[in-house]
Amino acid sequence: MKNLLICTVGLALAANLSLAQAQPHEEILAALASMAPGSPAPAEGQFVHIPPTLEDLEASNLNPELKKVIRRGYDLFTNTQQVRERYSLNDMNCDSCHMGAGRLPFSSPVWPAAVILPNYRPKNDQVNNIEERIAGCFSYSMNGEPPAYGSDDMLALTAYHQWLAKGVPVYQPGGSMYGRGFGTVAEPAQKPDYHRGKATYEAKCAVCHAEDGSGLQARGEVVFPPLWGDYSYNWGAGITRLFTLAGFVKHNMPIGQPNSLTDQEAWDLAQYIDAQERPQDPRYTGDVRETRELYGESFHKHTLYGLEVEGRLLGDHDNVGANKDFLKPEVLRDRTFN
Ligand code: HEC
Ligand code: HEC
């Protein structure tokens, strides 16, 4: 009931904001503060959207068949391990990174994808639709093989994304979207440092994610996801970019205490975690330095891949990860309109 109220107010506010750039309503600010404690309040003119919940879905008058499909999408998003060995070859769920079932600000909420795509994406230098964007996270973040375009599972996932965007105008004009992505962290005073990062990791993170970064799994369920190693995301995943990882960590970790680390700690942790090994980038040419160079401008200039850190050349191996026997999923194909 509380969620429903917030949601209704949220949608009304969203409409106001896009028209009149109104100041956020107090109830919205309170809802945001409980979803993302310690995060900055929306700036004037920013577009605010509080996605509906599954309870809102049950209470809605959508067609019962559609509700079933959206529920299936939610289920795949929050328990992706049920399709382990088919689509997701590591120990992650979508909401290991898109926390709160993809609803939370600064945890890269997924609703923006439903309203800004199709759009140009620098990562693959072409226009992508929402299925291709989801396929991207399956291929890199889940180190897997995406469900086929147009398949039941892909339909379910896109329907869930679109439901979360309920009420948001398509190609929403003007203003940035509040809480999109993982948020930025100001450049630290001191250069990010591996050893300081390691000390903070051992003090504040290892209790859940383990000293060796492997996390914790119990009876086929992810309790704490791995941060590196064969069961983690691969070298092509967006979160290997230091600024993205620092943003995620600062605004979401340790779990239950978001925004408790200093900016310096977040950058040092990103430096330490990114200096560990993980499955090969699906775009690997067979030569790590060449691959870094080839995708440098659009991607790897922000990662440690192909660099020597602590005496190791990172990413210099043929290991594609646990359970995986291919490098790049076939569905990731080039497209041209020439
Ligand atoms: C290892 C972390 C991780 C996992 C797991 C992950 N993602 Fe992502 N996802 C990211 C990152 C990083 C971005 C880019 C965020 C940014 O804009 O900085 C992203 C972006 C997205 C976007 C675009 C959001 C926008 O604002 O346009 C969608 C949609 C998405 N992911 C869906 C999924 C789905 C579906 C799954 C599960 C199959 C998944 N992701 C699993 C890290 C992850
Ligand atoms: C109390 C347990 C706990 C602590 C402590 C903790 N995490 Fe997490 N972490 C989680 C859980 C659980 C998730 C998955 C998110 C979810 O399920 O909502 C996660 C997700 C992550 C992810 C994204 C998914 C992945 O596997 O890469 C990163 C990165 C991360 N944590 C880094 C850290 C860092 C850095 C610290 C220390 C500052 C930390 N965590 C402390 C429990 C914890």
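Modeller: Two residues are in contact if their C-beta atoms, placed from the backbone, lie within 7 Å. By that rule Val249 touches Leu261, Ala266, Leu269 and Ala270, leaving aside residues up to four places away in sequence.

Colleague: Before we go on, what kind of model is this?

Modeller: The model is predicted: local features need pLDDT of at least 70 and side-chain atom pairs pLDDT 80 or more, while totals for chains, interfaces and linings use all residues. Residues are numbered from 1 along each chain as its sequence is written, with chains lettered from A and ligands numbered from 1 in the order written.

Colleague: How many helices and strands does the chain have?

Modeller: The chain has 13 helices and six strands (DSSP runs of H or I over at least four residues, or of E over at least two, numbered from the N terminus).

Colleague: What about the overall dimensions of the chain?

Modeller: The C-alpha atoms occupy a box of roughly 55 × 50 × 45 Å along the principal axes. The radius of gyration is 20 Å, which agrees with the value near 20 Å for a compact globule of 338 residues (taken over C-alpha atoms; the rule is 2.2 Å times the number of residues to the power 0.38). Of contacts between residues at least 6 apart in sequence, 71% link residues at least 24 apart.

Colleague: Which domains is the chain divided into?

Modeller: There are domain 1 (2-164) and domain 2 (194-313), with bounds from an automatic or database assignment. Their C-alpha centres are 23 Å apart.

Colleague: And how many residues are in contact across the two domains?

Modeller: On the domain 1 side 20 residues take part, and on the domain 2 side 24. The domain 1 side comprises eight nonpolar, 10 polar and two charged residues (Ala, Val, Leu, Ile, Met, Phe, Trp, Tyr, Cys and Pro are nonpolar, Asp, Glu, Lys and Arg charged, the others, Gly among them, polar).

Colleague: Now the ligands. Why does ligand 1 lie between the domains?

Modeller: Domain 1 and domain 2 both contribute to its shell, so ligand 1 lies between them. The shell has 27 residues, of which Cys94, Cys97, Cys137, Ser141 and Gly238 come nearest (a residue is near if its C-beta atom, placed from the backbone, lies within 6 Å).

Colleague: Which element supplies the largest share of that shell around ligand 1?

Modeller: That is α7, with four residues. At least two residues each come from α6 (111-116), α7 (130-139) and α8 (152-164). By class, the shell around ligand 1 has 16 nonpolar, nine polar and two charged residues.

Colleague: What surrounds ligand 2?

Modeller: Its shell has 20 residues, with Cys205, Cys208, Pro225, Met253 and Pro254 the closest. Two or more residues come from each of α10 (206-209) and α11, and the largest share, three residues, is from α10. The shell around ligand 2 divides into 16 nonpolar, two polar and two charged residues. Ligand 2 also lies between domain 1 and domain 2, because both give residues to its shell.
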